[in-house]
Amino acid sequence: MRPSWGYLTSEAGSRVISYGPLIDRTHQAWKLHAVNIGVLLAIVIHVIARWALPGISRRELALFSGASAVIAALSLLIFFGTVRCPACGANWVWRATKERAGRWLQWLHEQQVCPVCGSSGNVPSDRRWGAE
Ligand SMILES: [Zn+2]
């Protein structure tokens, strides 16, 4: 399925959108998208409060900065806390940033199975949640 304008976006789009087979298979890509949007939103709020609202009071600026910080913090929480292996609970993003800080995305992309338990990303019936 390719829209008529697909040739413009499919190249860049597929590279940006795919976080690798593990993330795709476990349907966790939305979390990483949410993080992107959250971080972007935090920056936008910050920029608007600082430069686009000239008559803003210090208190309002603090409010905007606070909101921006909360959104950024929530995004980081999703990012580092919720992208996990459904079989063993291993935190993939945390692991990826530890393995290769600067190229964590590439590392994550290279993983075909969970690096901890070897699960393909589908929950096996003989394993329970939280098992190490
Ligand atoms: Zn696992």
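The secondary structure of the protein chain consists of six helices and zero strands. Helices (H or I, at least four residues) and strands (E, at least two) are DSSP runs, numbered from the N terminus. Along the sequence the pattern reads α-α-α-α-α-α. The model is predicted: local features need pLDDT of at least 70, side-chain atom pairs count only at pLDDT 80 or more, and totals for chains, interfaces and linings use all residues. Residues are numbered from 1 along each chain as its sequence is written.

The mean pLDDT (the predictor's confidence in each residue, from 0 to 100) of the protein chain is 83. A value of 70 or more is reached by 80% of its residues. Over residues 1–15, pLDDT stays under 50. For that segment the model has one contact beyond four places in sequence. Two residues are in contact if their C-beta atoms, placed from the backbone, lie within 7 Å. Among contacts in the protein chain with a separation of 6 or more, 63% join residues 24 or more positions apart.

Of the 132 residues of the protein chain, 17% count as buried. A buried residue has 20 or more other C-beta atoms within 10 Å of its own; an exposed one has 12 or fewer, and a partly exposed one falls in between, with C-beta atoms placed from the backbone.

Helix α3 covers residues 29–52. Its 24 residues, at 1.5 Å a residue, should span 34 Å. The expected span is 1.5 Å times one less than the number of residues. The end C-alpha atoms are 33 Å apart, which agrees. In α3, the buried residues are K31, V35, G38 and A42. The buried residues of this helix pack against α4 (58–81).

The largest nonpolar core has 11 residues: Y19, L22, I23, V83, C85, A87, W92, V93, A96, L108 and C114. Such a core is a set of buried Ala, Val, Leu, Ile, Met, Phe, Trp, Tyr and Cys residues joined through C-beta atoms within 7 Å. Two or more residues come from each of α2 (21–25) and α5 (92–99). Helix α5 gives the most, with three residues. Core residue C85 is in contact with A90, W92, C114, V116, C117 and S119, leaving aside its neighbours within four places in sequence.

In α5, W92, V93, R95 and A96 are buried. They cover an arc of only 160 degrees around the axis, which puts them on the same side of α5. The arc is that of the directions from the helix axis to the C-beta atoms. The buried residues of α5 pack against α2, α4 and α6 (104–110).
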